[in-house]
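Dear colleague,

Please find below the structure that I am handing over to you.

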Amino acid sequence: CRFYLIPIVVHESDTIPGRANARAARGARIIELGFKEAEGYFPKTKAVFHVSGNPVRKEIASQGNCTPEERKALKTEFGFSPDAPVLLVVGGSQGAERLNTFMLEHLSVLTAQFQILHQTGSGNFEQYKKEYDFMVGRMDSTLLAARYKFFPFFDAVTMGKAYAASDLMLSRSGGSAIFEAAAIGTPAILVPLPEAAKNHQFQNAYAYHTRGAALFIEEDNFLINVFLNEAEKLLKNPEKMKSMQVAARAFYIDGGAALIAQDILSLV
């Protein structure tokens, strides 16, 4: 691109740039940042840095203005009671094996506390379902049917509804999941993937936590009693939940895709 004088625009979705983006940035005219913290990790260049956030699909972002009544209606649409808390568990589009294992190991305890929407990931679904079916025989299947729904993958429309119907999210801390939750204002407990390149998921979680929108638990400490303690403290504190919702929405940058498109067009 540099040889042919083609302008380069780089978008970095995490707090720490990957190797490809770090290299591409050397010849970039504009570097779009999901997190402002990423700027210090790029090599010093003549590029202009813009904090544009991570674009969120409109089908998801459109759920950000739900009223309390609409949120209750969405809980009912998923087959839940409108008056009990809903926990959304996601590990990205591919799922997260550690989160899936956590759910299977503690399903009876978790469903006693929450109604749960769980995206297992398409690649993990069949194995998860086999293990789940084996466990159901030893549990109250009526309670599970009423309080636990798991799916391989949510399409964009269903994903937006799932965020909006949920009181709390349990997730890894990839840039996409964080910004989707922020678009809706869903408070989160994040469990960074320790094997992520340059430990960027930890840095993502920390950056989002410092904004007041989430708590995070490192994987070594991701134990059922620790999670339940943190979740229960939040759900019993409406003021804290409200402040996290406000902080999440403040962190989200509305129209990120349009901002990036404008920058690209400015170079044409």
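In helix 10 (residues 200-210), the buried residues are His 200, Gln 201, Phe 202, Asn 204, Ala 205, Ala 207 and Tyr 208. Buried here means under 20% relative accessible area, exposed means over 50%, and partly exposed is in between, with a 1.4 Å probe and protein chains only. Helices (H or I, at least four residues) and strands (E, at least two) are DSSP runs, numbered from the N terminus. The cover over the buried residues of helix 10 includes helix 9, strand 8 (188-190), strand 9 (214-216) and helix 12; contact, here and below, means heavy atoms within 4.5 Å. After helix 10 comes Gly 212, with a positive phi near 90°.

The basis of these values is as follows. This is a predicted model, in which local features need pLDDT of at least 70 and side-chain atom pairs count only at pLDDT 80 or more, while totals for chains, interfaces and linings use all residues. Residues are numbered from 1 along each chain as its sequence is written, and side-chain values use heavy atoms, with hydrogens and water left out.

Overall form

The chain contains 13 helices and nine strands. Its radius of gyration, taken over C-alpha atoms, is 20 Å, which agrees with the value near 18 Å that a compact globule of 268 residues would have. The globule rule behind that comparison is 2.2 Å times the number of residues to the power 0.38. The C-alpha trace spans about 65 × 35 × 30 Å along its principal axes.

Of the 268 residues, 48% count as buried. Among contacts in the chain with a separation of 6 or more, 66% are accounted for by residues 24 or more positions apart. The accessible surface of the chain is about 13200 Å², and 54% of that belongs to carbon and sulfur atoms. Accessible areas come from the Shrake-Rupley method with a 1.4 Å probe, and for residues only the protein chains shown count as cover.

Helix 9 (residues 175-184) is mostly covered, with nine of its ten residues buried. Among them are Phe 179, Glu 180 and Ala 181. Ala 181 has 0% relative accessibility and therefore counts as buried. Beyond its neighbours within four places in sequence, Ala 181 is in contact with Tyr 163, Met 169, Thr 186 and Tyr 208. Ala 181 and Ala 61 are 120 residues apart in sequence, yet their C-alpha atoms are 9.1 Å apart in space. Just after helix 9, Gly 185 has a positive phi of about 85°.

Ile 189 belongs to strand 8 and counts as buried because its relative accessibility is 0%. Leaving aside neighbours within four places in sequence, the contacts of Ile 189 include Met 169, Leu 215, Phe 227 and Glu 230. With Glu 230, the C-alpha separation is 8.3 Å across 41 residues of the chain.

Loop residues

Lys 198 lies in the loop between strand 8 and helix 10, and Asn 199 is found in the loop between strand 8 and helix 10 as well. Lys 198 has a positive phi near 55° although it is a residue other than glycine, and Asn 199, also not a glycine, has a positive phi of about 55°. Lys 198 is exposed, with a relative accessible area of 54%, whereas Asn 199 is partly exposed at 33% relative accessibility.

The largest pocket

The largest pocket holds about 530 Å³ of space. On a 1 Å grid over the protein atoms alone, a pocket is an open set of points where a 1.4 Å probe fits, with protein on both sides within 12 Å along at least five of seven lines, and lining residues have an atom within 4 Å of a point. Grid points are joined across faces, edges and corners, and the volume is the space filled by probe spheres set on the points.

The lining of the largest pocket has 26 residues, of which Pro 68, Arg 71, Ser 166, Asp 167 and Gln 245 lie nearest its centre. Helix 3 (68-77), helix 8 (156-165), helix 11 (224-235) and helix 12 (238-251) each supply at least two lining residues, and helix 12 gives the largest share, six residues. By type, the lining divides into 13 nonpolar, seven polar and six charged residues. Here Ala, Val, Leu, Ile, Met, Phe, Trp, Tyr, Cys and Pro count as nonpolar, Asp, Glu, Lys and Arg as charged, and the others, Gly among them, as polar.

Yours sincerely
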